[in-house]
Amino acid sequence: MKTILIHEHGGPEVLQISEIPTPEPGPGQVRVRMHASAINHLDLWIRKGIPGHPSPLPMILGSDGSGVVDKLGPGVTHFSPGDPVVISPGLSCGSCSACLSGKDHLCPDYGILGETCDGTYAQFSVVPASNLIPKPDFMTHTDSASISLVFLTAWEMLVERSGIQPGDCVLIHAAGSGIGIAAVQIACLYGATVIATAGSEPKLTKARELGAVHTVNYSTPDWVSKVREITGRNGVDIVFEHVGASTWPGSMKILGRGGRVVTCGVTTGYAVNLDLRHLFFKNLSVLGSTMGSKGSLLHIWKLIRQRKLHPVVDRVFPLSQAQEAHKHVSNRQQFGKVVLEMDL
Ligand SMILES: [Zn+2]
């Protein structure tokens with residue numbers, strides 16, 4: 001089969017069209033003919049290489065995907081060839097106490113497709129049958145591929161970790177990112193008031209169209225005082241952080257009493273300061289979050305089917321142009337997800 005393979009870490013040029021043997025599904029596995037695969041920031045990190053976090057090379061990137069069941073491995077009975085399916089990105093052992101408690105993302109053996117094993121930038125992917133979700137008939141493969149990882153991450157951060165409540169005031173950074181468009185929708189669904197940040201006026205307009213009540217340009221030096229003004233000087237209940245060093249000081253400053261900051265990523269650096277006096281005097285909580293459970297993802301897809309959450313796709317590239325697609329994501333000009341369609 002044809003695939004986009006990385007043989008070494010580096011810039012977009014390491015994404016190379018390659019021909020490799022078509023993988024065979026083992027017991028409990030399914031081979032999916034891929035139609036679309038979405039790009040996540042995780043793909044860029046893995047492509048560049050994360051110090052202290054070795055990836056098996058050569059490797060196929062891609063955690064999200066949508067396609068059609070092609071071949072069943074031994075023992076798989078609840079899917080048939082031809083079924084349209086969406087791929088769930090998280091892999092776990094299925095038998096440890098975390099997995100059996102419905103918290104498979106806390107499994108000691110937890111991994112992500114395209115991070116710890118081959119992913120979805122390929123004509124075919126082989127995944128456990130438990131990683132397949134039926135694709136809604138009304139949705140295209142391109143839209144379907146764009147949903148799972150970012151909505152799951154945003155759901156875990158807001159619903160499971162921060163305990164979002166109706167009436168909460170939530171500051172969502174970089175609302176135009178893949179995770180930002182998911183967070184704005186989930187916070188609105190929970191009846192929260194959303195203040196969204198983005199780096200340009202067109203993105204702020206789109207964030208308002210998505211449900212944000214207030215928007216602030218984070219490239220202006222006084223964005224913190226603007227947010228404070230919006231909240232009547234009370235500060236916000238939740239800050240949705242995934243930017244890191246450049247926004248962290250402001251994110252901590254803008255939290256109201258009892259506020260929670262929840263973070264899942266650091267696109268601008270991971271070393272930050274924390275003033276413990278503010279933490280205890282204001283009863284603040286700092287929460288870390290990565291991925292979420294399969295149960296949460298199934299609930300998200302129920303809401304997608306009910307049209308209460310929806311994908312936002314910025315641009316589609318053919319898989320053969322994966323290098324250009326990665327450059328587009330690196331430039332941070334997009335509003336929503338960038339998706340690769342199979343053309344190999
Ligand atoms: Zn486990």
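Author: The account below begins with the zinc site and then turns to other parts of the chain.

The model is predicted, so local features need pLDDT of at least 70, side-chain atom pairs count only at pLDDT 80 or more, and totals for chains, interfaces and linings use all residues. Residues are numbered from 1 along each chain as its sequence is written, and side-chain values use heavy atoms, with hydrogens and water left out.

The zinc ion has as its protein donors the SG atoms of C93, C96, C99 and C107, at 2.3 to 2.4 Å. Donors are N, O and S atoms within 2.8 Å of the metal (3.2 Å for Na, K and Ca); water is not among the atoms, so sites may look incomplete. Because the four donor atoms subtend angles of 107 to 115° around the zinc ion, the arrangement is tetrahedral; for four donors, that term requires all angles to lie between 85 and 135 degrees. Along the chain, the donors follow the spacing C-x2-C-x2-C-x7-C. C96 lies in the loop between β7 (90-91) and α2 (97-100), and C107 in the loop between α2 and β8 (111-112), so this pair ties together parts that are 11 residues apart in sequence. Helices (H or I, at least four residues) and strands (E, at least two) are DSSP runs, numbered from the N terminus. Both C96 and C107 are buried, where buried means under 20% relative accessible area, exposed over 50%, and partly exposed in between (1.4 Å probe, protein chains only).

In α1 (residues 41-48), the buried residues are L42, D43, L44, I46 and R47. After α1 comes G49, whose phi is positive, near 95°.

Elsewhere, V194 belongs to strand β12 (residues 193-198) and is buried, with a relative accessible area of 0%. Among the residues that V194 touches, leaving aside those up to four places away in sequence, are V170, I172, V184 and H214; contact means heavy atoms within 4.5 Å. By contrast, F280 in helix α9 is exposed, with a relative accessible area of 53%.

Conventions. Four donors count as tetrahedral if all angles lie between 85 and 135 degrees; four count as square planar and six as octahedral if opposite donors are over 155 degrees apart and all others between 65 and 115; anything else is irregular.
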